[in-house]
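The report below takes them in turn.

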Amino acid sequence: MYKIISDSSCDLTIEAAKAYDVEVVPFYIRIGEKEYKENVNLSVKEFYRFMVDHKDEFPKTSTPSIEDYTTVFKKYLDQEIDIICICITSKFSGSYNSARLAKESLEDDYPDRKITVIDCTFNTVLQGTYVREAAKLSKEVDYDECVERIMKVRDTGRIFFTVGSFDYLIHGGRIGKVAGVAAKTLGIKPLIVLKEGEIFADGVARGRKRSIKKVIENAIKHMENNQIDPSDYVFSVGYGYDEEEGKQVLNLVKETLSSHYPQSSIDISLLPIGATIGVHTGPYPIGMTLIKKP
């Protein structure tokens, strides 16, 4: 028997985490002088509502502590339940290191238990999709096979997205201020891809609708270049504050994939992007993700 655990960068809703039997260790969110736990005493909707209403204030996040992970791990180890813990890319956060150190501190006390801590090399709704697939596998295969199969597909994960404003990327040091000012003046939106644990520029487009269309085109280009059969992959669309826009983009992605791959069976979900990533993107991130089924 084993348990899938992740940090709240996975952006699984409380209902989804319960449905898939996943334990989520929350990030901390600081707004002014107050600190909250993501999805514990501050919902994602409340977080984005604050950002929309206070455009000149920039919330911050901090990683779950070693003690946070130790407490959660012990709860299952004491029940003789093994653990697979999937964390946000270590190039974005110290969550993986906190979980790894918690594991090391417990190994001598629980010599007969297995604890695997995985740097998933991505974040947000792609991490959630990965965690969800691991949770589904955990009901079908043994511990070692689950670890082996999810590790095999980890490098296939990609996030293609854009944001509503450069302000948060500038504030977080993700883009140069000079480039950001020039882009805002021209109305240009950045196109971004996350791969190998880091974000990279993936072009630019003028205006929101064009940038969303280009995001989808970039994903299709990646699939064509790598001869990907979408039937072998799981897709998701992630959105921030604007759920209606998320639904519209979901339909657009479905139509585009069906047009390019009419013979394929496509698995695609609509998922909210949480606060852990929202502090860097602002309230209007939008994009799509894909990863091979384990």
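Strand 1 (residues 2-7) and strand 2 run parallel and are joined by four bridges. One of the pairs across them is Ser6 with its bridge partner Val24 in strand 2. Helices (H or I, at least four residues) and strands (E, at least two) are DSSP runs numbered from the N terminus, and two strands pair if DSSP finds at least two bridges between them. The model is predicted: local features need pLDDT of at least 70, side-chain atom pairs count only at pLDDT 80 or more, and totals for chains, interfaces and linings use all residues. Residues are numbered from 1 along each chain as its sequence is written, and side-chain values use heavy atoms, with hydrogens and water left out.

A second pairing is antiparallel: strand 3 (residues 28-31) and strand 4 (residues 34-37) share four bridges. Ile31 stands opposite Lys34 in strand 4. The two strands form a hairpin with two residues between them, and Gly32 in the turn has a positive phi of about 65 degrees.

Helix 5 (residues 124-138) has 15 residues and reaches 21 Å from its first C-alpha to its last, close to the 21 Å expected at 1.5 Å a residue. The expected span is 1.5 Å times one less than the number of residues. Of its 15 residues, 14 are buried (under 20% relative accessible area, with exposed over 50% and partly exposed in between, using a 1.4 Å probe and protein chains only).

On a 1 Å grid over the protein atoms alone, a cavity is a set of points where a 1.4 Å probe fits but cannot get out, while a pocket is an open set with protein on both sides within 12 Å along at least five of seven lines; lining residues have an atom within 4 Å of a point. Grid points are joined across faces, edges and corners, and a volume is the space filled by probe spheres set on the points.

| Space | Volume |
|---|---|
| Largest pocket | about 340 Å³ |
| Largest cavity | about 190 Å³ |
| Second largest cavity | about 30 Å³ |

The largest pocket is lined by 18 residues, and the closest to its centre are Thr13, Asn39, Val44, Lys45 and Pro272. Helix 2 gives the most to this lining, with three residues.

For the largest cavity there are 20 lining residues, with Asn123, Thr124, Phe161, Ile277 and Thr281 the closest to its centre. Strand 13 gives the most to the lining of the largest cavity, with four residues.

The lining of the second largest cavity consists of Tyr130, Glu133, Ile150, Val153, Ile291, Lys292 and Pro294. Helix 5, helix 6 (143-153) and strand 13 each supply at least two residues of the lining of this second cavity.
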